Amino acid sequence: QIFNQHNAEAPNLEQAFHRMAQMEPNLDHDIPWFLLPSYWAKMVVALISFLCFANSYDGDFVFDDSEAIINNKDLRAETPLGDLWYHDFWGSKLSSNTSHKSYRPLTVLTFRMNYLFAGGFYPVGFHVINIILHCTISVLMVDVFSILLGGLQFTNKGRRLNLAPKSSLLAALLFAVHPVHTECVAGIVGRADLLCALFFLLSFLGYCKAFRENMASFILTGKEGHTFSVFWVLVSVVLGAIAMLCKEQGITILGLNAVFDALVINKINLLELIRKLLYKDKSLENAGLLRKGLLFRITLLMCGGASILYIRWRIMGTGPPAFTEVDNPASFADSLFVRAINYNYYYSLNAWLLLCPWWLCFDWSMGCIPLIKSVSDWRIIALAALWFCLIGLICQALCSEDSHKRRILTLGLGFLIIPFLPASNLFFRVGFVVAERVIYLPSIGYCILFTYGFSLLSKQAKKKKILAVAVLGVLLVNVMRCALRSSQWRSEEQLFRSALSVCPLNAKVHYNVGKNLADKGNQSAAIKYYREAVRLNPKYVHAMNNLGNILKERNELHEAEELLSLAVQIQPDFAAAWMNLGIVQNSLRRFEEAEQSYWTAIKHRKKYPDCYYNLGRLYADLNRHIDALNAWRNATVLKPEHSLAWNNMIILLDNTGNLAQAEAVGREALELIPNDHSLMFSLANVLGKSQKYKESEALFLKAIKANPNAASYHGNLAVLYHRWGNLDLAKKHYEVSLKLDPMAPGTKENYNLLRRKLEQLQKKGG
């Protein structure tokens with residue numbers, strides 16, 4: 001009877017508890033916002049987050065996508081899956097000195113799945129997955145913000161109550177439409193941040209589930225239980241590990257779970273706890289640390305985190321990542337003062353991007369943000385403003401008498417600061433100055449603080465509707481800004497040019513604009529931007545190398561040599577610059593210097609097929625035929641599909657009368673590259689000279705089918721027919737060749753000879 005009576009009263013207890021919870025301080029009481037059922041709130045958030053970034057779905061591979069996806073061998077089926085666990089994000093071995101140590105195997109695995117399902121490098125599938133991930137994360141934010149802003153409460157049936165439906169919807173919308181997230185969503189490489197955020201949030205929600213029975217016990221008995229689920233705590237640790245395998249920031253969720261446990265589950269007053277610790281208060285055991293199992297749960301989190309970091313350290317090795325001064329100039333400053341002051345300035349810039357995400361740039365390095373070197377620099381004001389705001393918020397979070405205010409401010413600051421710590425330069429040097437992608441997780445804290453600030457303003461304001469309209473305006477402007485920024489990320493040209501107005505002092509921006517123009521064949525405009533990149537950063541060796549290449553092609557050899565010589569002087573192990581310098585020296589007929597440059601390039605890059613190819617050309621010019629053949633053979637061993645090296649071997653052997661060897665090399669090449677029409681053409685020439693006319697004809701016709709507008713193909717086929725005695729076909733192909741290229745060498749003379757022969761035959765026949 002007692003048991004039945006208890007069950008009958010349970011619903012009343014639940015309703016009473018819900019009313020009691022609503023009577024506690026609650027942001028929703030003051031916020032003039034929409035109240036929607038949970039399902040509809042999530043639908044609205046999903047739809048708006050989709051609208052923000054939908055126009056990026058058909059964008060190209062841009063910026064870092066080339067290295068992380070197109071040039072990453074880990075995406076291809078021939079690479080064993082096991083290699084992903086020993087390679088970094090860019091496909092390099094973690095043990096390599098050049099590795100950035102960015103260990104994200106699960107993110108690379110999703111890229112590989114995209115590649116395999118699409119059957120190649122088609123960017124649409126990659127972009128669609130990114131958009132879906134952001135929409136999913138934004139929907140999860142409704143649940144996360146309802147806990148962070150309204151507290152964690154469950155019904156007696158284990159269903160979680162949303163005690164802040166209006167404020168959680170507002171915060172989730174702020175997150176979904178924040179323009180600073182564009183890099184993560186529209187840039188495919190941002191998948192790492194999206195996957196990390198997804199498992200980060202799942203870890204947090206899993207940790208909250210550990211207290212479901214505890215909260216249900218409170219509803220049934222009116223007393224807070226001490227039980228929790230070890231299983232869900234461990235699930236949270238595993239999900240945190242998965243988040244870290246997507247991106248390094250994921251590990252920080254374990255620390256945030258501990259903070260949440262202390263503040264929300266154990267309701268610890270941090271200032272009071274600090275006082276008790278300092279004065280060794282005997283009532284410390286009543287603070288809830290031991291009574292509710294907090295220390296045990298924190299021990300589980302710490303052990304899990306330490307195990308994850310140890311395993312990661314064992315896989316990665318102890319070597320630090322290889323970054324250069326241009327990546328992060330402040331971290332290379334000799335003065336501790338200069339380093340500290342610039343790091344803090346970078347923090348203020350990140351805070352400004354959250355507050356006013358209008359000036360966005362794909363890259364903030366290379367002079368975009370000049371170093372602060374003295375306290376007289378006016379930018380010190382930004383540091384002062386940042387710390388003034390942070391100290392004010394921290395004081396309120398610690399000292400306020402309002403426990404609700406303390407909890408929200410501490411959680412807001414925790415989610416703002418803790419996920420940012422891996423990018424802060426405090427524990428290790430990072431490879432960037434400011435990166436919009438690393439603010440994806442910290443923006444959760446910003447949304448909490450913004451929503452809380454809005455509730456305080458609404459509480460004081462007489463005309464609350466005006467405030468609501470203002471916030472709606474902010475959301476609308478952010479949606480428009482997201483759409484505009486997403487369109488800029490659709491192509492490299494738009495992306496790079498958009499950065500010129502934001503970071504005009506950034507040498508890398510000018511370099512990338514120049515490279516994009518050069519790829520499109522606009523060399524004159526590319527030279528202008530490359531020169532500006534070198535002017536802004538006189539040690540920018542990649543800009544020097546590319547500018548030297550263009551000048552070489554324009555036959556401005558002396559300036560090209562100066563630039564390339566300076567590049568290898570600045571960076572002696574820059575193999576590409578050594579090779580290009582060798583090409584220029586070869587063109588200037590300084591053969592010994594060119595040979596030395598080629599071998600220096602090979603010394604710094606052992607597997608360098610293009611350099612062996614150019615070395616072979618040098619030897620061919622010097623009539624060192626055996627050396628040339630050996631160099632080209634090395635090129636084809638390192639890169640079996642190196643068509644130019646194969647072709648040059650065939651041509652050299654043909655020209656030196658080694659027809660049998662030329663034929664053997666040609667057949668070997670066509671087995672490896674069966675659809676290369678230039679190889680078909682070269683082998684057809686050899687077969688024709690060997691009087692294998694039928695086979696030669698078949699190869700010529702196949703080459704012409706693949707490339708019908710090549711005058712030399714028709715001309716040489718005509719010569720074959722001429723030798724073979726098929727004069728009508730010879731005449732036909734001579735005429736096609738001359739039509740395609742009236743100045744084709746030898747073709748006109750051969751055609752005239754054929755015409756005279758045909759005239760003689762006609763006279764004899766007449």
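1. The model is predicted: local features need pLDDT of at least 70 and side-chain atom pairs count only at pLDDT 80 or more, while totals for chains, interfaces and linings use all residues. Residues are numbered from 1 along each chain as its sequence is written, and side-chain values use heavy atoms, with hydrogens and water left out.

2. The axes of helix α4 (residues 105-118) and helix α5 (residues 123-150) come within 9 Å and cross at roughly 135°. Axes are lines fitted to C-alpha atoms, for helices over the stretch in contact, with angles from 0 to 180 degrees between N-to-C directions. Helices are DSSP runs (H or I, at least four residues), numbered from the N terminus. The two helices are therefore oblique to each other; angles under 35 degrees count as roughly parallel, over 145 as roughly antiparallel, 65 to 115 as roughly perpendicular and the rest as oblique.

3. F111, N114 and Y115 in α4 meet G125, F126 and I129 in α5, where contact means heavy atoms within 4.5 Å.

4. A disulfide (a pair of cysteine sulfur atoms within 2.5 Å) joins C368 to C503, with an S to S distance of 1.8 Å. C368 lies in the loop between α14 (336-355) and α15 (380-399), and C503 in the loop between α19 (492-502) and α20 (507-519), 135 residues apart.

5. C447 is buried, at 0% relative accessible area.

Methods: Buried < 20%, exposed > 50% of the residue type's maximum accessible area, 1.4 Å probe, protein only.
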